[in-house]
Structure formats: C-alpha cells, structure tokens
Amino acid sequence: MGGAAFVAEGETETLLDAREVSPGFLDRLLGRTRTAGPRWEQFGTKRLAHLPDVAALDEVPRAFQRYIERRFLDPDPAQRAVRDYLRAGPARAALTAEEDEDGERRIFFQVGFSGCAGLAEVTAQVCAHWYGFYWQDPLSEPLRADLATCGFVPGPAMARDTPERFFPLHGGHGYAQWIDGSDWNPAYRPHKDQHTWLEVDAALDEQLPDVAARLAETYLAAVEAGVEQQCRCPFCSPDFVRRDEARL
Ligand SMILES: [Zn+2]
C-alpha cells in the first residue's frame, strides 16, 4: 500500500441497496428480473465494497487538477512539481462502503493519490493535504451537488493519520514532509535512519541521497527553537518565503 488519500464520510439512502438491472436476452426469455448491489469483500473483521457506476467520480481528478492550476497560476518550483505530478494522472476517486461485524455500515468518498511505486509518496501526501482545502472551497460545490445527485451526501473530511506539515524544496523538487519524533512511524520509512524526519520523495532521494540530511541541518535549529512548527505549504502559509539558502 502506497500513496495517500483524502477521505470524507457521508450518507446514502440508496447506494447500498440492490438495484434492478436491465434485463438481458435470457432474462426476458425466462421472464425474470435481476438485481445487483455492491460486491462486498472481507478484510479482517470488516467487509468493504467499492461502488461502481457513480458518474460524478469520473470528473474528480481533472477537477482537482484544474483547481490547483488555477490556484497557482504562477507556480513556484515546488508547486510546479506537484502540478506536473497531477498531470500524470495519479488520482482516483471512489465511493467505498464499510460494514463492521455488527452489520453497521458507513460510506466514504475517497480520493487516492498514487505513490508511484514508492517514488512520490510525499507528493501524494501533499495532494491529499491540498484536497482537504479544495473540499472546503466553494469551488468544489458542483462536485458535492453531483455526488448528492448520485445518492451520496458528503460530510466533512476525516482526520488523516499522517502528519500534514510540508516544506517547499529548492530546485523544483516538490516538498519535504516533516515527521518529528512524536509522529514517527517506523513503517513509514523502514530503510532509513531517524534523521529523515524531513521525508522527501524517494525519486529525489535516489538522485540526491544527502538531501534529507541537509534539509534536517537547515531546519533543525529553527525547529528546536520552536520557530518552525507549522506547515509551510502555500495553503497553510501563503506568505511563507524560504530564507535559507540551502542549495538543493
Ligand atoms: Zn499545508
């Protein structure tokens, strides 16, 4: 499992029901009607189902890409890296239903961003983070309306389980993700030492293997002084300008 996802729980009164499907030749011959509902698959104690045929989902990746391109009409190098990633088509939207062992059902709208086989995990995280801002923006209201027309009434975004603090990198390398000691998850990057509390995309790490360490040196003093405690992406810190001159 790689990549990152934006998730919002919602409600539906119709999407989980079995629906009558158009009869085929044999159905007409035999005078029978058929129904189809979500196909459930067991995962541990839960069952999950992806709901097909929800037309509003098809437009989701392109709508988000357009939103980011319009939001950053004159993108800086870090923003340009994210824009180029989105242009490669890494996003997929889905409606997923979950049923627990007591039969309680929940339904979610999800937009997943591919980690590109582990090479772009941080950029995927940036996109899931930014999708949260899109979700709150009135510009996403047509999407909500389309989803409601399809039978899904979306709710607020769910909290994400990875830290959402990013720093822009020089040189068009996208962003670094800040993972401090308390957020550290050994599963997140099992092959590196803990000095990589500023995670970068593995694609960059392969090109410039010392980049994470240099970033750490650059920011360590500021973090220890309690100066750098927040996300420095353009949504969270629109006025942030990098003052360090690290050549990355
Ligand atoms: Zn941010």
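Two residues are taken to be in contact if their C-beta atoms, placed from the backbone, lie within 7 Å. This is a predicted model, in which local features need pLDDT of at least 70 and side-chain atom pairs count only at pLDDT 80 or more, while totals for chains, interfaces and linings use all residues. Residues are numbered from 1 along each chain as its sequence is written.

View 1. A124 has its place in helix α4, residues 121-136, where helices (H or I, at least four residues) and strands (E, at least two) are DSSP runs numbered from the N terminus. With residues up to four places away in sequence left out, A124 touches G3, A4, P90, F113, S114 and G115. A124 counts as buried because 24 other C-beta atoms lie within 10 Å; a residue is buried if 20 or more other C-beta atoms lie within 10 Å of its own, exposed if 12 or fewer, and partly exposed in between, with C-beta atoms placed from the backbone. The C-alpha atoms of A124 and G112, which are 12 residues apart along the chain, are separated by 8.3 Å.

**View 2. Helix α4 and its burial.** Of the 16 residues of α4, 12 are buried, so the helix is largely enclosed by the rest of the structure. The buried residues are E121, V122, T123, A124, Q125, V126, C127, A128, H129, W130, Y131 and Y134. At 1.5 Å a residue, the 16 residues of α4 should span 22 Å, and the 24 Å between its end C-alpha atoms agrees with this; the expected span is 1.5 Å times one less than the number of residues in the helix.

**View 3. Packing of α3 against α4.** Helix α3 (residues 77-87) and α4 pack at an angle of about 90°, with their axes 10 Å apart, the axes being lines fitted to C-alpha atoms, for helices over the stretch in contact, and the angles running from 0 to 180 degrees between N-to-C directions. The two helices, α3 and α4, are therefore roughly perpendicular to each other; angles under 35 degrees count as roughly parallel, over 145 as roughly antiparallel, 65 to 115 as roughly perpendicular and the rest as oblique. On the α3 side the contact is made by A81, V82, Y85 and L86, and on the α4 side by T123, V126 and C127. C127 touches A4, V82, L86 and F113, again not counting residues up to four places away in sequence.

**View 4. The nonpolar core.** In the largest nonpolar core, which has 44 residues, V126, C127, A128, Y131, Y175 and A176 touch the most other members; such a core is a set of buried Ala, Val, Leu, Ile, Met, Phe, Trp, Tyr and Cys residues joined through C-beta atoms within 7 Å. Helix α4 gives the most to this core, with 8 residues.

**View 5. The open sheet.** Six strands form an open sheet in the order β4-β5-β6-β7-β1-β8, and the pairing is antiparallel, two strands being paired if DSSP finds at least two bridges between them. The edge strands β4 (41-43) and β8 (152-157) each pair on one side only. Neighbouring strands of this sheet are turned by 35° against each other on average, direction ignored. Strand β1 (residues 4-12) is joined to β7 by 7 antiparallel bridges, with V111 as the bridge partner of F6 in β7. Strand β1 is also joined to β8, again antiparallel, by 4 bridges, and A8 stands opposite A157 in β8. Strand β5 (residues 46-50) pairs with β6 (residues 91-99) over 4 bridges in the antiparallel sense, where A49 stands opposite A97 of β6. Helix α2 (residues 60-71) lies across β6 and β7 (105-113), running at about 125° to β6.

**View 6. Strand β10, covered on both faces.** In a regular strand the side chains alternate between the two faces of the sheet. In β10 (residues 175-178), Y175 and Q177 on one side and A176 and W178 on the other are all buried. Strand β9 (residues 166-168) pairs with β10 in the antiparallel sense over 3 bridges, and F167 stands opposite A176 in β10.

**View 7. C116 in the loop between β7 and α4.** C116 has its place in the loop between β7 and α4. Most residues other than glycine have a negative phi, whereas C116, although not a glycine, has a positive phi of about 50°. C116 is partly exposed, because 18 other C-beta atoms lie within 10 Å.
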